[in-house]
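I opened this notebook to keep track of what I looked up in the structure, entry by entry. The entries move from single residues to the packing of larger elements and back.

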Amino acid sequence: MMLLPAAAEMTAVVLKADRSASDVASYRPIALTSTLCKVMERMAAKRLRWWLESNQHLNKFQCGFRQRRSMINQIMRLGDDAHKAINNKQYTLAVMLDLEKAFDLVWHRGLIFKMRRMGISGNILNFITDFLSNRSIQVHIGTGVSNSYELQNGTPQGSIISPLLILLMVDDIDEPEHGTKLSLFADDSAAWKSGSNVAALTKDIQQYRNRLTMFFE
């Protein structure tokens, strides 16, 4: 099965691990971009990443798709707090959040608005706006081709610049309060807090979880 965007790009779909082949939601679309477009994406992504890192615009809790940062950083933060709590005869309450279909549901207009608010302009902004605009999709199975549908949301999975666009989309996530801590790895996040009162920990974590729910909606 192939997904055929209107631009000079094709998208293959790959069956996710341990998923039913008869379920449409079991497939992951992977963009098959031309070499020239990949070069352009890499140039834009490199310049944009340099600007964001140099001006400290990326969220301080974000470790996904960033140089000299990895998931290990976040695991060590949580593990260190948990060990300290155990030594102090306290508890650590944590909640892990995984956004479903994060790449597919990126709101184009919202992303461009956030980029403008961050101070991104000029050719980079124009390139990304054009990159996301006027994309359409068709499903091709055997000799059959579906109608064409315009895409209002989403960034191409497998694209060089898409991971960076995900970071920009979640960059203004609500910061935790009252001692609650946050970790981000692209679209995955975790919030935790240590203390001696489980009821109080539960209340604080739930309040922050509610704020995150409102943000991601």
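Entry 1, a serine in a loop. I began with S26, and, leaving out residues up to four places away in sequence, I found that S26 touches V14, L15, K16, R19 and S20. I note at once that this is a predicted model, and that I read local features only where pLDDT is at least 70. I placed S26 in the loop between strand 2 (10-15) and strand 3 (27-32). Is S26 buried or exposed? Its relative accessible area is 2%, under the 20% cut-off, so I recorded S26 as buried.

D18 counts as exposed, because its relative accessibility is 83%. I then turned to K89, in the loop between helix 2 and strand 4, where phi is again positive, near 60°, in a residue other than glycine. With a relative accessible area of 76%, K89 is exposed.

I looked up D81, which lies in helix 2 (residues 71-87), and at 12% relative accessibility I counted D81 as buried. Setting aside neighbours within four places in sequence, I listed T92, K181, W192 and S194 as the contacts of D81. The other aspartate, D204, belongs to helix 6 and is buried, with a relative accessible area of 17%. Which residues does D204 contact, once neighbours within four places in sequence are left aside? I found H178, T180 and K193. I also noted that D204 and G179 are 25 residues apart along the chain, with 8.8 Å between their C-alpha atoms.

I traced an open sheet of three strands in the order 4-10-9, with antiparallel pairing. Strand 4 (91-98) and strand 9 (181-185) are the edge strands, each with a single partner, so one side of each has no neighbour in the sheet. From one strand to the next, the twist averages 15°. Between strand 9 and strand 10 (residues 188-195) I found five bridges in the antiparallel sense, and I noted L184 standing opposite S189 in strand 10. Helix 6 (residues 198-216) lies across strand 4, strand 9 and strand 10, and runs at about 20° to strand 4.

How do helix 1 (residues 35-54) and helix 4 (residues 122-132) pack, and at what angle? I read an angle of about 135°, with the axes 11 Å apart. The arrangement is therefore oblique, and helix 1 passes helix 4 in a left-handed crossing. On the helix 1 side I listed M40, E41, A44, R47 and L48, which meet I124, F127, I128 and F131 in helix 4. Sorted by class, this contact has seven nonpolar residues, two charged residues and no polar ones.

Terms used:
Residues numbered from 1 in each chain as written. Predicted model: local features only at pLDDT ≥ 70, side-chain atom pairs only at ≥ 80, totals over all residues. Heavy atoms only, no water. Axes fitted to C-alpha atoms, helices over the stretch in contact; angles between N-to-C directions. Helix = DSSP H or I, 4+ residues; strand = E, 2+ residues; numbered from the N terminus. Parallel < 35°, antiparallel > 145°, perpendicular 65-115°, else oblique. Left-handed = near helix turned anticlockwise from the far one by under 90°. Contact = heavy atoms within 4.5 Å. Nonpolar A, V, L, I, M, F, W, Y, C, P; charged D, E, K, R; others polar. Pairing = 2+ DSSP bridges. Buried < 20%, exposed > 50% of the residue type's maximum accessible area, 1.4 Å probe, protein only.
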